Structure formats: C-alpha cells, structure tokens
Amino acid sequence: MDEFILEMKGIVKEFSGVKALNDVSFKVRVGQIHALCGENGAGKSTLMKVLSGVYPHGTYQGEIVFNQKNLIIRNISDAEQVGIAIIHQELALFTELPVYENIFMGNELHSKGFVNIPAMLAKTQELLKEMKLDVSPYTLIKHLGTGQQQLVEIAKALSKNAQMLILDEPTASLSEGEVEILMNILAELKAKGVTCIYISHKLDEVFRLADTVTVIRDGKSIGTEQIKDLTKDDIVKMMVGREIADLYPKEVHVTDQEVLAVKNYTVYDTNESNKEIVHNVSFSLKRGEVLGFSGLVGAGRTELVSAIYGFHSGKRSGEVYLNGQKITINNPNDALQQGIAMVPEDRKRHGIIESMSVKENMTLANIDHYRVRLDGIDDCKELDDANQYMAKLKIKTPGLDTFIKNLSGGNQQKVVLAKFLLRTLKVLILDEPTRGIDVGAKYEIYNLINRLAAEGIGIIMISSDLPEILGMADRIIVMNAGQVNGEFINKNIDQEQIMHCAVGRVAQ
Amino acid sequence: MTTQVENTKLATTGEKKNLFKAFFNFDVKTYTMILALVSIWLIFSIATNGDFLTSRNLSNLFRQMSITGILSIGMVFIIITGHIDLSAGSLMGLLGGIVAILNVWFKLDGIVAIGITLIVGLGIGLCNGWLVAYKKIPAFIVTLGGLLVFRGILVGMTKGTTVASLGPEIRFLGNAYLIDGIGIVLGLLAVCALIYNSFNGRKLRIQYGLSITPLSIEVVKIIFAAVLIGLVVTVLNSYQGFPVPVLIIVILAVIFSYILTKTVFGRRVYAIGGNGEAAKLCGINVPKMTLIIFAMHGLLVAIAGILLTSRLNAASVAAGQNAEMDAIAACVIGGASLAGGVGSVGGAIVGALVMSSLDNGMSMLNIETFWQYIVKGAILVIAVWFDIATKNKK
C-alpha cells in the first residue's frame with residue numbers, strides 16, 4: 001500500500017517565458033484517491049496535461065516515474081498505453097454517435113480487418129453495468145444527461161485498462177444526485193485498485209473522497225498531506241496563501257433609488273420555443289447595489305440576463321423598467337444605448353475578438369464616439385482613452401497594438417470590462433466575472449466593482465463561486481430550475497443556506 | 001498622468017532602438033508578398049530578355065490586373081467577414097452582358113446602360129446579402145447557386161451569341177489612355193495627400209501627447225512612396241499614358257482601403273469576421289453589416305463587368321469564367337484568412353498583381369495553357385503554406 005505508483009519530480013513548464021509550473025513535485029500512492037487542489041490558474045490542469053501527454057516529453061523539464069519506470073510520454077496514446085487516462089473538464093464525446101462507438105473511439109475492436117461490433121456491444125454492456133448506467137449501448141450521447149456522459153467517459157477510460165484515472169473538475173456541471181452516483185462509482189473503482197487523481201474546487205467532495213491532498217499555488221507545490229490531518233480552512237489557506245478575509249474588499253454603496261426593475265420575465269429555449277428556461281422572474285436593482293445571482297449551472301441565470309440584454313435568440317416575455325420607465329430591448333445595441341452593459345460568461349466565445357488588438361477590442365463597443373467626418377475614427381482620441389483605461393485597470397500588456405490573444409485570462413477580462421466602462425453606464429451585468437483568472441486579477445476586479453458601485457452604477461453579478469458572491473454582493477437572489485427560489489440580504493448568511501436554496505429546498 | 005508620460009518616453013526610446021523596424025513598420029506579410037512579386041517579375045524579365053519590363057508590357061499588365069483587382073477588393077471584404085463569394089465570376093459575366101445588351105441591342109446611351117448595370121449589380125448583391133444575413137443560408141451555398149444561376153441567365157439572355165461593338169463611352173472606360181499631363185498631376189496630388197496626411201497625423205499625436213515616429217523616418221517613407229509613384233507614372237506615360245481602368249482601380253483601392261482601415265465601418269467589418277458573437281454583444285448589427293458588404297461587393301462586380309465588356313468590346317457567354325477563383329486566390333495570397341477577421345485591400349491588390357503577372361509573363365513566354373493552370377495553382381498553395389509556416393515560427 002505504501003509504494004508510489006506515480007512520482008513527478010521537478011516539473012518545469014514554461015509558456016512563452018512565463019512559468020506555469022515551477023519545480024513541481026507530485027507523488028501518488030497506489031490505490032488511493034489523491035485530490036489536487038489549487039486556485040484557477042495555479043497549474044493543476046497544466047500538471048495533468050504534462051502527465052497525460054497533452055504536452056509531450058521535451059516541452060517541459062523534470063521527470064516522471066510511473067510504476068517504477070521512467071516515463072517518456074510523447075502523446076496521449078503513449079499515456080494511455082501505460083494506463084494513464086484523463087477525463088477533461090469539457091467532455092470529449094461525439095454527441096451524434098452511440099455510446100458503444102464513443103467508448104471504443106480510436107480503439108475499435110476488430111477481427112480480420114473488420115470492426116467487430118458484437119464484441120464492442122458486449123464489452124460496452126459490461127462496462128455500463130459496472131457504471132450502474134441503465135442505458136442501451138445504442139443510445140446517442142446527445143440523449144444522455146451530463147452526469148451520464150461523465151460516466152461514459154469513465155467507462156471509456158476503463159475500457160483501455162486504465163490503472164490511473166485523472167478527473168478534472170468532474171462535478172462542475174453535475175446535479176447533486178449525479179454527484180452522488182459518481183462518488184459511489186469512484187469508491188468502487190478504488191476498491192478495485194484503480195488509482196485516481198481528483199481535481200476539484202469543491203472541498204466537501206475532497207474531504208469525502210480523497211485519502212491524500214496536494215495543494216498547488218502559482219505553479220509550485222505547497223504541500224501534500226493526509227486528508228485526516230487537515231481542516232477545510234487549512235486547505236483554503238494553502239490554496240490562497242493568505243487569510244480569506246483579504247480576498248473580498250467589500251464596500252457598501254447601495255442607495256434606495258431603484259435603477260432597474262424586471263417584472264414577470266420568462267425566457268424560452270432557443271430551439272424548443274415552448275420550453276421555459278426562466279419562469280416568471282421579477283427583481284429590482286438599486287443604484288450602487290451589487291446584486292448577486294447564485295444557483296447551479298443550468299438554473300437559468302445566464303439566459304435571464306442575456307435575454308434582458310437582448311442577446312438571447314429565443315422567445316421571451318416580461319417587462320423591464322429603467323429608472324421607472326418601461327424600456328424595450330431587442331438587441332444588445334438597444335441595451336447599450338440605454339446604458340446597460342453585459343460582460344459575458346464565456347470570454348473566448350463572446351468577449352474578445354482574438355484577431356484584433358487590445359486597443360481595438362477595448363474601444364469596439366464605444367466606437368461610435370470616436371466617429372469623425374467621412375465615418376473616420378479619431379485615432380488619437382481612441383488611443384488616448386485606451387491608454388487611460390490601460391493604466392486605470394492595470395492591464396498588463398506589452399502594448400495596445402498587441403493582439404489580445406497574447407494576454408493572460410485576467411488581463412483579457414479587464415479589457416472586456418474596459419470595453420463597456422468606456423461608455424456611460426447605469427447598469428452593468430457581470431456574468432461569472434472572475435472565472436478562470438488568477439487571484440491578483442480577481443482582487444483588482446473586485447476593487448473595480450466597488451468603484452463602479454460608488455459611482456452609482458447598479459451591478460448584477462452572476463457567480464457560481466459561493467465565497468465570492470457572499471464576499472461581494474449586497475443582496476443575493478438564488479435561482480433554481482429557472483425560478484427565483486430565495487432572496488437574501490447578505491448579512492449573517494452562510495454558504496450552506498445558499499446551497500440548500502440553490503438545490504431546490506425552499507428558503508425560510 | 002505620470003504613467004502616461006512614462007509610457008510615451010518608453011515608446012520613444014524603444015523606437016530609437018528600432019529605426020530599421022519602424023521604417024518597415026507595415027505588416028510582415030505585405031512585405032514578403034511584395035518580395036514574391038518582385039522575384040516573379042525578375043524571373044520573367046530574365047526569361048523574356050527584358051521584354052517583360054518594357055513600359056508597353058507593364059502598361060498592359062496593369063490594365064489586365066485592374067479587373068481581377070476590382071473583384072478582389074469586394075472579395076476581401078466578404079472574406080474578412082468570414083464569408084465567400086463563388087458567384088463573382090458568373091455575376092461579372094452577366095453584368096457585362098447586361099451592359100452590352102442594353103447598349104447594342106436596345107441602343108441605350110452608354111452612360112444610361114452603365115447606370116442601370118450598376119443598379120442591377122447592387123440589387124443582386126443585396127439579394128445575396130439578404131439570403132446570407134437574414135435567412136442564414138451559408139454564403140458558400142448562396143453563391144454556389146448564384147454561380148450557376150447567373151451563368152444560366154447570361155447564356156439565355158444572349159442566346160449563346162457574342163454581343164459586340166459597343167458605344168464609345170463604354171469603350172473609353174476599358175481602353176482609353178489619359179494624356180501625359182493628367183498622369184503627372186494625379187501623381188503630384190497623391191504625393192501631396194501623403195505629405196498632408198502624415199504631418200496632420202503627427203500634429204494630432206503631439207497634441208494628445210502620444211508617441212510619434214522620428215521625423216527622419218517619416219520623410220524617408222514619403223520620399224520612398226513618391227519615387228514609387230513617380231516611377232509608375234513615368235512608365236505608364238512612356239507608353240501611351242495613364243490607362244483609364246488603372247485609374248479606376250487606383251481610386252477604388254484608395255476609397256476601400258480607407259473604408260477598411262480608417263472608418264468605424266471598417267473596424268466593425270474586422271470585428272464581425274473575428275468573432276461575430278462578441279461583435280453582436282458590442283452592439284454591432286451584424287446582419288445589416290453583412291447586407292451592406294454584399295451590396296457593396298455587387299456594385300464592385302458590376303464595375304468589373306463593365307470594364308471587362310469594354311476592354312473586349314464585346315460580351316460573350318464565357319466572360320468572367322473562373323474569375324472568382326482568381327479573386328479569392330488574390331485575397332488569400334494577399335494575406336486574407338478564409339476563417340475571417342484578417343485581410344487587407346492592399347494585400348488583395350498585390351495578390352491580384354501576382355496572379356496577373358503570372359498570366360502575362362507565361363503568355364509572353366508562349367507557355368502552354370495547361371502549364372499556366374498548374375503554375376498558378378501551385379503558387380497559391382505555396383503562398384499559403386509559406387504564410388502558415390512563418391506564422392508557426394513566431
């Protein structure tokens with residue numbers, strides 16, 4: 001029991017001069033569930049990508065010993081060959097193909113040069129049974145829930161005789177019931193001797209499942225401890241490297257003037273026009289207030305704010321009042337003209353334009369204001385403004401003409417924020433404003449939220465990060481299955497109350 | 001405020017270190033493209049014992065490239081927004097046919113015929129744009145359909161015959177030369193515009209306290225451009241004068257280059273191509289922009305069609321066949337990305353010049369047609385290969 005199945009020693013991985021991993025050492029014992037914790041951007045995923053062959057041997061320094069053998073992993077199939085399988089946060093399944101073809105994708109059973117479908121079906125059935133997954137091997141992946149898809153991924157890994165399973169945030173988009181199933185499956189796999197590396201932010205899960213935990217911060221391994229010797233606070237302290245109280249520099253600027261009121265808002269699915277995603281939601285927002293929206297993924301928060309902003313392509317109904325006046329918003333331009341802006345959740349898909357420079361991204365939503373004769377752009381005024389906001393938001397970039405894709409996530413996010421701050425705003429909607437950015441940049445964004453609230457802007461902040469929403473919001477609305485399930489004044493409430501409300505239990 | 005001053009200082013010291021780099025400030029891609037063009041010209045000059053570089057041939061070359069060039073200008077807008085137009089060649093043939101039929105069969109005045117043709121071009125562009133922007137049919141499909149439909153209409157309209165002998169106004173556009181004086185005046189005007197533009201820009205930048213490139217570099221740049229303009233004018237004048245189609249493409253290139261690089265509209269074109277969803281979130285009306293771009297392209301195709309008919313003094317059923325491929329190739333050689341978001345008018349024109357130079361040079365050498373196809377195709381693939389290879393190195 002005491003021998004190490006895996007030892008990673010002195011791993012250094014650089015990305016264009018920046019050390020994502022700096023001399024990380026990581027040891028995993030046979031047959032254990034080993035949790036890997038750390039803030040976003042701490043280097044967990046990078047480390048696992050080194051291990052699983054996504055970054056081939058030679059692009060990093062250091063050595064990997066697996067089963068007492070020095071490993072040279074050139075690609076993902078090398079890693080699979082020795083029995084290391086990774087299940088990424090974003091599932092890599094083919095949604096239009098049946099379960100059994102997904103399980104054997106790239107690894108098809110064959111006889112005499114032909115694909116041996118009966119053998120694959122039989123093996124799939126066996127695996128599904130092991131996963132306690134009651135579906136036919138012929139079911140298309142798109143007809144399965146996210147939790148079931150996750151289990152198919154695990155089945156796929158097991159079909160390759162994986163000795164070591166790496167799960168990257170497996171429960172990020174699962175319901176509580178699905179999490180329960182996954183936990184049981186993992187416990188069973190452990191009993192069968194499969195070693196598991198479990199990356200998660202959710203400390204409850206870590207405490208429930210793991211035997212050992214390693215914490216990584218800023219690309220360095222901070223420590224490896226037995227879980228029974230630790231408390232949650234210990235892990236959090238190891239993760240952030242300082243007391244949590246520092247993390248949220250909350251200031252209160254809430255006034256009693258209402259700036260935005262949303263009444264009886266219902267949003268329908270884009271594809272199925274009679275399926276409601278948001279049902280009859282009403283809320284109001286005051287000047288200078290930070291209104292937090294909490295809830296599980298899929299609770300309809302993003303759809304609600306997108307619809308208010310005019311970005312939702314499906315049907316919607318309800319009324320929106322700005323400063324007491326009813327307004328109609330049919331597209332994002334209408335919203336911007338009214339002084340409502342939205343920083344989207346998916347930065348890469350909806351926030352930045354990779355082929356454009358930092359400056360061009362920054363001024364895009366406000367480009368009308370630089371228009372001079374012949375539809376020309378006042379270059380100097382534009383550059384002047386961009387320079388000012390670069391300094392104001394402490395955007396770290398080699399220059400304003402640098403392509404935005406070369407910036408770190410946190411700095412990209414600041415550019416996306418600057419894009420809308422260049423306009424005069426009444427309401428700012430932030431959808432997961434700190435997802436995937438480092439602690440320092442987070443802190444700056446929180447300060448910025450304070451500053452904007454002080455200016456009298458009403459702020460709606462969607463966040464799935466409970467400590468963040470408790471740390472920054474004045475008032476919290478909790479959504480569940482498209483409805484408001486509770487509303488809290490952010491005083492003397494804790495994570496559990498919000499969580500209970502988010503999973504469907506009615507608040508007092 | 002202090003930070004800004006520091007920024008400015010940093011920028012100036014940085015630039016002093018890189019005088020050389022600042023001079024060759026433009027896109028590396030443009031630079032390699034021009035290098036490629038020069039080497040193609042060099043090869044042909046040697047192969048033809050200098051005949052390629054005679055003013056007569058260069059004048060012809062510029063005239064030939066003007067049609068592909070105009071198509072490429074419209075095409076590069078379409079490509080930057082992430083779409084494609086496969087119907088440009090057929091549409092050019094059809095619009096060339098319309099102007100000829102109006103003028104020859106219906107005896108309409110040349111100017112009126114041209115006016116109607118431009119409106120038809122704009123209308124068809126709007127129609128394509130509407131299908132793409134509002135009906136969400138992929139541009140590939142809409143224009144693939146157009147490729148067949150427009151050619152079909154042309155054949156049906158002309159009943160398969162050649163419509164020939166156009167009026168003098170129309171012939172003028174594609175064939176006439178301007179007297180020497182006009183060419184010189186145009187050249188001088190261009191140089192003056194450059195100087196004004198450069199110094200006005202410097203004044204404004206100083207006013208805002210922004211960094212500026214050293215004066216010496218600015219002057220060297222302007223002299224370099226002036227010499228180039230002078231050279232072109234001299235070469236054209238020493239044959240028969242400034243050809244009208246070349247004048248038309250120069251004017252269009254200046255206008256559309258301005259639109260793409262200096263205007264709010266142009267900035268939005270790049271935004272839509274780079275990330276349509278993000279552009280929409282920034283309040284940009286993406287369908288409306290797409291519609292306008294297709295309409296604009298239709299207008300440019302009409303101009304190209306009129307020039308083509310004018311130059312040949314006839315409209316035939318095969319006119320403009322495969323011209324869309326030349327235009328797309330020109331854009332891509334000129335650095336445009338079919339994924340959208342990247343490209344330039346200048347690049348597209350240099351690309352068109354490359355394609356036309358290959359046609360012209362190989363014809364001079366009496367190289368058989370099949371070789372011409374093979375060489376042009378190979379050059380396209382090599383150009384893009386080279387582009388991708390240099391990008392990966394960075």
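This is a short chat about a few local features of a predicted model.

Me: What should I know before reading residue names and values here?
Reply: Residues are numbered from 1 along each chain as its sequence is written, while chains are lettered from A and ligands numbered from 1 in the order in which they are written. The model is predicted, so local features need pLDDT of at least 70 and side-chain atom pairs count only at pLDDT 80 or more, whereas totals for chains, interfaces and linings use all residues.

Me: Which strands make up the open sheet in chain A?
Reply: Four strands, in the order β14-β13-β16-β17 (chain A), with antiparallel pairing. Strands (E, at least two residues) and helices (H or I, at least four) are DSSP runs, numbered from the N terminus. Two strands pair if DSSP finds at least two bridges between them.

Me: Which ones stand at the edges?
Reply: β14 (276-286) and β17 (325-327) of chain A; each has a single partner strand, so one side of each is left without a neighbour in the sheet. From one strand to the next, the twist averages 15 degrees.

Me: How many bridges join β13(A) to β14(A)?
Reply: Seven, with β13(A) covering residues 258-268. V267(A) stands opposite V278(A) in β14(A).

Me: Which helix packs on that sheet?
Reply: Helix α9 (residues 301-309) of chain A, which touches β13, β14 and β16 (316-322) of chain A. Its direction makes about 110 degrees with that of β13(A). Axes are lines fitted to C-alpha atoms, for helices over the stretch in contact, and angles run from 0 to 180 degrees between N-to-C directions. Contact means C-beta atoms, placed from the backbone, within 7 Å.

Me: New topic. Which residues of α17(A) are buried?
Reply: I498(A), C501(A) and A502(A), in a helix that spans residues 495-502. Buried means 20 or more other C-beta atoms within 10 Å of the residue's own; 12 or fewer is exposed, and in between is partly exposed, with C-beta atoms placed from the backbone.

Me: And what do the buried residues pack against?
Reply: β15 (290-295), α16 (466-472), β21 (475-480) and β22 (483-489) of chain A.

Me: Over to chain B. Why does E324(B) count as buried?
Reply: Because E324(B) has 24 C-beta neighbours inside 10 Å. E324(B) lies in helix α15 (residues 323-333) of chain B.

Me: Which residues does E324(B) touch?
Reply: D85(B), L86(B), S87(B), A88(B) and G89(B), leaving out residues up to four places away in sequence. G69(B) is 255 residues from E324(B) in sequence, and 11 Å away in space, C-alpha to C-alpha.

Terms used:
Two residues are in contact if their C-beta atoms, placed from the backbone, lie within 7 Å.
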